[in-house]
Amino acid sequence: MTPSNSKLAAKDVSVYYNDKQALKSVSLDLLENAVTAFIGPSGCGKSTFLRCFNRMNDVIPSARVEGEILLNGVNINTPEVDPVLLRAQVGMVFQKANPFPKSIYDNIAYGPRIHGLASHKDDLDQIVEDSLKKAGLWAEVSDRLMDQATGLSGGQQQRLCIARAIAVNPSILLMDEPCSALDPIATAVIEELIENLKERYTIIIVTHSMQQAARVSQKTAYFHLGNLVEYGDTRQIFTNPAHEQTEAYISGKIG
Amino acid sequence: MQQHISTSFDEDLNELDSMVTTIGGMAQSQLNTVLSVMDNLDEQVLSTIIKNDKQIDRFEQKIFDKAVEIIALRSPHASDLRKVMIAPRIASSIERIGDLARNIAKRLLTLKTNKKSLPFVDEFTAMGQDALSTLITINDAFGRSDVEKALKVWENDIAIDEAYHRLTEIIVKTLDQGGQHDAETMRHCLFIAKNIERIGDHATSIAEQIYFRVHATQIDDNRPKQGDAEASD
């Protein structure tokens with residue numbers, strides 16, 4: 001996987017839940033090998049938009065997606081694109097760590113087995129080790145790979161989920177409030193991990209923490225009522241945003 | 001003006017602003033007082049000015065502590081952050097203005113102790129009143145976040161610079177002619193003139209902070225400067 005393999009863009013993307021429009025014609029070019037933060041109040045459409053990038057909205061019967069999501073120039077919103085293969089390429093980490101009720105090893109090996117990424121046990125061992133190393137968890141679990149994953153701490157479980165996403169060779173990582181259930185130390189560990197991961201992956205993170213968006217991202221997109229209000233360098237958004245709405249949100253102001 | 005959802009955050013920011021206005025008023029009062037005794041060199045008043053300067057120093061520290069507290073507890077962003085960051089910088093400029101007023105008082109007290117008077121009182125008073133009026137204007141511009149007013153102070157600094165150069169020329173000429181005043185008195189005169197001129201520089205620096213607070217960028221500095229064509233002092 002190379003940086004040129006993770007070109008991601010949205011063109012006029014709208015999402016409807018039944019008749020209600022949750023996302024209004026959003027266009028955006030994601031910066032490769034960088035972290036982009038989606039911020040905005042609850043119900044602004046940021047998570048809905050995030051789920052467009054790996055077609056997670058497909059699993060919601062009332063949801064309808066219009067417009068194009070271009071991954072390396074190919075629109076993923078077409079029946080020809082297999083969502084299972086797509087989700088290997090575009091990994092996702094959720095708000096609450098969701099390890100399978102299996103061993104640490106099997107959690108990581110699950111995806112590579114399904115996708116046939118390892119022909120021998122040695123290859124699979126190597127994938128498990130590499131993935132856990134990339135997720136910064138190897139040192140903590142290498143001597144107990146067969147232990148139940150659910151016995152890990154919250155922060156470790158979240159890193160396990162990141163390792164699980166990495167194991168199938170994605171180029172994009174989507175993170176939906178990955179630290180909202182974690183204490184400040186576990187959060188700092190994940191944020192440091194995100195910083196390291198961006199060298200290999202293009203990352204989009206949805207967060208309600210302004211501090212986290214400011215700390216981890218290079219680009220920030222602010223959403224309000226389904227509209228993309230402002231998209232720019234994080235440095236600029238948090239020091240001198242162009243829109244009053246953005247400033248009011250990041251500063252905790254009301255009109 | 002939009003308000004924060006957290007009213008205590010607004011209160012903190014307002015308190016910080018109000019502290020800056022207060023320290024500005026303290027320096028204003030010190031300068032005003034020292035100008036008022038240039039003719040009679042009232043020892044008691046001059047001693048009080050010197051003593052009062054410590055209050056300004058302590059208040060500057062309080063403003064710094066308040067800004068640190070707000071950053072630590074509120075994590076301000078954008079215009080809030082600029083508001084918090086410029087407060088200690090402005091306070092620092094004002095503290096320096098306080099020092100300059102105190103330095104003038106010290107020199108006037110020395111003159112008085114040596115049974116001398118201040119030569120060129122009218123010139124010094126006029127130049128000092130210009131500096132005082134600049135200080136009053138800049139404090140007002142801060143209170144109102146009035147960039148236009150701040151820019152006027154910034155542009156007018158050259159007038160104080162010119163007054164300084166005119167006055168120093170007179171002092172040096174008088175010194176050259178000899179006899180009228182002793183060299184020690186003339187040395188004090190040169191320093192007092194320089195101190196007043198520096199007050200204008202600090203007011204200019206405050207104007208730049210106000211501009212930054214409102215526009216989030218620095219003023220594009222292409223003003224003609226008095227010292228451009230001559231050796232810097």
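This is a predicted model: local features need pLDDT of at least 70, side-chain atom pairs count only at pLDDT 80 or more; totals for chains, interfaces and linings use all residues.

Colleague: What does β11(A) pair with?

Modeller: With a strand of the other chain. β11(A) pairs with strand β1 (residues 3–4) of chain B, in the antiparallel sense and over two bridges. To find it on screen, look for A:Ile254, whose bridge partner in β1(B) is B:Gln3.

Colleague: OK, switching to chain A by itself. How many helices and strands are there in chain A?

Modeller: Chain A has ten helices and eleven strands. Its radius of gyration is 18 Å, close to the 18 Å that the globule rule gives for 255 residues, so chain A is as compact as a globular protein of that length. If you box in its C-alpha atoms along the principal axes, you get roughly 55 × 45 × 35 Å.

Colleague: What share of the residues in chain A is buried?

Modeller: Buried residues make up 44% of the 255. Also, take the contacts in chain A with a separation of 6 or more: 68% of them are between residues 24 or more positions apart.

Colleague: Now the sheet. What's the strand order in the six-stranded one?

Modeller: The order is β6-β7-β8-β3-β9-β10 in chain A, and the sheet is open with mixed pairing. At the edges sit β6 (90–93) and β10 (227–233) of chain A, each pairing on one side only. On average, neighbouring strands of this sheet are turned by 15 degrees against each other, direction ignored.

Colleague: In which sense do β6(A) and β7(A) pair?

Modeller: In the parallel sense, with four bridges between β6(A) and strand β7 (residues 172–176) of chain A. As a landmark, A:Gly91 stands opposite A:Leu173 in β7(A).

Colleague: Which helix lies across those two?

Modeller: That's α6 (residues 154–166) of chain A, which runs at about 170 degrees to β6(A). A:Ile162 has its place in this helix.

Colleague: Why does A:Ile162 count as buried?

Modeller: The cut-off is 20 or more other C-beta atoms within 10 Å. A:Ile162 has 26 C-beta neighbours inside 10 Å, so it counts as buried. Leaving aside residues up to four places away in sequence, A:Ile162 touches A:Val93, A:Ala135 and A:Leu193. A:Ile108 is 54 residues from A:Ile162 in sequence, yet their C-alpha atoms are 9.4 Å apart.

Colleague: Last topic, chain B. What span should helix α2(B) have?

Modeller: At 1.5 Å a residue, the 32 residues of α2 (residues 43–74) of chain B should span 46 Å, and the end C-alpha atoms are 47 Å apart, so the two agree.

Colleague: What do the buried residues of α2(B) pack against?

Modeller: Against α1 (7–36) and α3 (78–113) of chain B. The buried residues of α2(B) include B:Leu46, B:Asp53, B:Phe59 and B:Lys66. After α2(B) comes B:Ser75, with a positive phi near 45 degrees.

Notes: Residues are numbered from 1 along each chain as its sequence is written. Chains are lettered from A and ligands numbered from 1 in the order in which they are written. Two strands pair if DSSP finds at least two bridges between them. Axes are lines fitted to C-alpha atoms, for helices over the stretch in contact, and angles run from 0 to 180 degrees between N-to-C directions. Two residues are in contact if their C-beta atoms, placed from the backbone, lie within 7 Å. The radius of gyration is taken over C-alpha atoms; the globule rule is 2.2 Å times the number of residues to the power 0.38. A residue is buried if 20 or more other C-beta atoms lie within 10 Å of its own, exposed if 12 or fewer, and partly exposed in between; C-beta atoms are placed from the backbone. The expected span of a helix is 1.5 Å times one less than its number of residues.
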